[in-house]
Amino acid sequence: MKVFNYVVKNPYGLHARPAALIAQACISFKSIVTIETELAKASGSDVLQILRLQAKQGSNLKISIDGPDEDEVEKKLLEVLCDCAPKNKKADILKIAFFGTKDYDRIFFSELSKDRGDDAYNVDIKYFSSRLTIESAHLAKGFDAVCIFVNDEAPRPVIEALHEDGVKLILLRCAGFNNVDAKAAKEYGITVLRVPAYSPYAVAEHAMTIIQAANRRIHKAYNKVKDNNFSLSGLLGIDLHNKVAGIMGTGRIGVCMANICKGYGMTVLGWDAFPNKKLEEDGLLTYVSKEELLERSDLISLHAPLIMGDGGTYHLINSDTINMMKDNVMLVNTSRGGLIDIEALIAALKANKFHAVALDVYEGEDENVYTDHSEDMLTNDIVARLCNFPNLILTSHQAFFTREALQAIASVTMENSRNFNESLPYGQAEVK
């Protein structure tokens with residue numbers, strides 16, 4: 001274990017921005033970090049606990065690091081604590097309209113946006129529960145920026161409306177940006193910044209959770225036991241050990257899923273438009289053609305971005321590619337609904353092609369995402385049709401939904417807003 005003391009030098013104390021940067025740094029390492037003052041203790045990976053330390057200028061922090069990468073963690077934490085970036089603000093306070101927000105969105109954003117002064121985020125947030133659409137775009141009038149999520153809409157007409165209302169920045173609190181017309185944004189001088197990665201573990205773990213639930217029919221077993229029925233009829237699953245997993249898209253989430261599959265004792269195949277040869281060198285997976293992956297895999301997990309047009313990934317899974325798959329194959333999608341032709345999937349489910357299917361996203365989900373329709377008449381029958389299949393599990397676009405991911409999304413989004421306002425580099429966050 002490594003222990004060192006640090007006296008807080010920042011005149012604003014251990015405020016929101018350094019707390020967020022510390023938490024994000026700690027999450028990315030294997031070592032466990034604990035931060036203590038004379039009166040309280042906090043986990044280094046929990047921004048809210050760090051803020052509750054209320055460490056002011058002059059406070060002595062006792063920082064304990066326990067794990068295999070202690071030296072790297074110490075170096076990174078000292079770098080974060082001593083960070084003092086240049087100040088060249090476009091606005092003293094950046095006004096941001098947050099669309100489609102829920103209570104859980106506000107847990108971290110509200111805390112991180114409180115501070116004012118040098119090295120703070122200096123933002124003023126107005127939360128709107130409505131999604132960004134052409135009908136709601138007028139709500140952004142008077143704001144410097146809008147912050148949107150996966151189910152908000154920013155095609156050209158919305159971009160034009162935002163431009164007319166003076167918006168200069170679109171903050172995506174997600175990695176995907178297919179809902180934004182990036183070309184129109186560039187034409188109108190609107191910067192688009194995203195969260196390139198938040199918690200790949202959250203998404204990959206959810207992918208394995210739901211495909212195993214579908215494989216072992218956990219949803220059916222749970223309901224049967226609730227009805228006092230302990231019969232095993234209809235619950236037969238398949239071992240994953242010694243089977244073949246096909247990972248379509250080998251970015252950070254795909255790599256996490258590949259590691260999980262490897263841990264199950266599976267042989268892992270990968271397909272990607274831009275293969276990462278180091279993954280092969282490390283023995284994690286073997287890259288093959290799309291056709292070979294489809295033909296050989298017992299479990300196919302989708303982690304590719306949704307790219308429209310020729311050569312893109314829209315309807316990557318369709319009637320032709322489904323026909324290439326083995327009978328009794330398992331399929332899971334935690335990426336984007338448009339990767340799968342939903343009608344082709346339903347037809348294949350009817351034909352008993354799949355042993356198990358698990359979807360956290362599906363084509364046509366936009367109106368349903370994060371809304372409660374339990375009192376509404378059925379207007380879209382996709383969900384009803386999918387849920388009729390006993391070997392399919394459907395969840396509500398929640399793969400990202402962990403405490404660590406929400407914290408990361410808030411921290412990176414606030415960093416993006418600060419980088420924009422102070423003319424600092426955007427890095428991989430910029431959508432061009």
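Helix H7 passes helix H9 in a right-handed crossing, a crossing being right-handed if the near helix is turned clockwise from the far one by less than a right angle, and left-handed if anticlockwise. The structure is a predicted model, in which local features need pLDDT of at least 70 and side-chain atom pairs count only at pLDDT 80 or more, while totals for chains, interfaces and linings use all residues. Residues are numbered from 1 along each chain as its sequence is written, and side-chain values use heavy atoms, with hydrogens and water left out. Helices (H or I, at least four residues) and strands (E, at least two) are DSSP runs, numbered from the N terminus.

The axes of H7 and H9 come within 8 Å and cross at roughly 50°; axes are lines fitted to C-alpha atoms, for helices over the stretch in contact, and angles run from 0 to 180 degrees between N-to-C directions. H7 is therefore oblique to H9, where angles under 35 degrees count as roughly parallel, over 145 as roughly antiparallel, 65 to 115 as roughly perpendicular and the rest as oblique. On the H7 side, the contact (heavy atoms within 4.5 Å) is made by Pro200, Tyr201, Val203, Ala204, Glu205, Ala207 and Met208. The residues that H9 brings to this contact are Arg252, Ile253, Cys256, Met257, Ile260 and Cys261. Together, the residues of the contact of H7 with H9 divide into 11 nonpolar, no polar and 2 charged; Ala, Val, Leu, Ile, Met, Phe, Trp, Tyr, Cys and Pro count as nonpolar, Asp, Glu, Lys and Arg as charged, and the others, Gly among them, as polar.

Histidine 206 also lies in H7. Histidine 206 is buried, with a relative accessible area of 12%; buried means under 20% relative accessible area, exposed over 50% and partly exposed in between (1.4 Å probe, protein chains only). Leaving aside neighbours within four places in sequence, histidine 206 is in contact with Thr334, Asp360, Thr395, Gln398 and Ala399.

Tyr104, Phe108, Phe109 and Leu112 in H4 meet Arg403, Leu406, Gln407, Ile409, Ala410, Ser411, Thr413 and Met414 in H15. Of the residues in this contact, 8 are nonpolar, 3 polar and 1 charged.

Turning to the sheets, 7 strands form an open sheet in the order E12-E11-E10-E13-E14-E15-E16, with parallel pairing; two strands pair if DSSP finds at least two bridges between them. The edge strands are E12 (286-287) and E16 (392-394), each of which pairs on one side only. Strands E10 (residues 244-248) and E13 (residues 299-302) are joined in the parallel sense over 4 bridges, and methionine 248 stands opposite leucine 302 in E13. Helix H9 (residues 252-263) packs on the sheet and touches E10, E11 (267-271) and E13; the direction of H9 makes about 175° with that of E10.

Within this sheet, E14 (residues 329-333) and E15 pair in the parallel sense over 5 bridges, and alanine 356 in E15 is the bridge partner of methionine 330. Strand E15 (residues 354-359) is mostly covered, with 6 of its 6 residues buried. Valine 332, found in E14, is buried, with a relative accessible area of 0%. The C-alpha atoms of valine 332 and serine 301 are separated by 4.9 Å, although these residues are 31 residues apart along the chain. Not counting residues up to four places away in sequence, valine 332 touches Ala207, Ile210, Ile211, Leu299, Ile300, Ser301, Leu302 and Ala358.

Another open sheet has 5 strands in the order E6-E5-E7-E8-E9, and the pairing is parallel. Strands E6 (123-127) and E9 (191-193) stand at the edges, each with a single partner strand, so one side of each is left without a neighbour in the sheet. The twist averages 20° from one strand to the next. Strands E7 (residues 145-148) and E8 (residues 169-172) run parallel and are joined by 4 bridges, with leucine 172 in E8 as the bridge partner of isoleucine 148.

Backbone geometry was also examined. Most residues other than glycine have a negative phi. Arginine 217, in the loop between H7 (200-215) and H8 (218-226), has a positive phi of about 55° although it is not a glycine. At 11% relative accessibility, arginine 217 counts as buried. Serine 423, found in the segment after H15, likewise has a positive phi of about 55°. At 45% relative accessibility, serine 423 counts as partly exposed.
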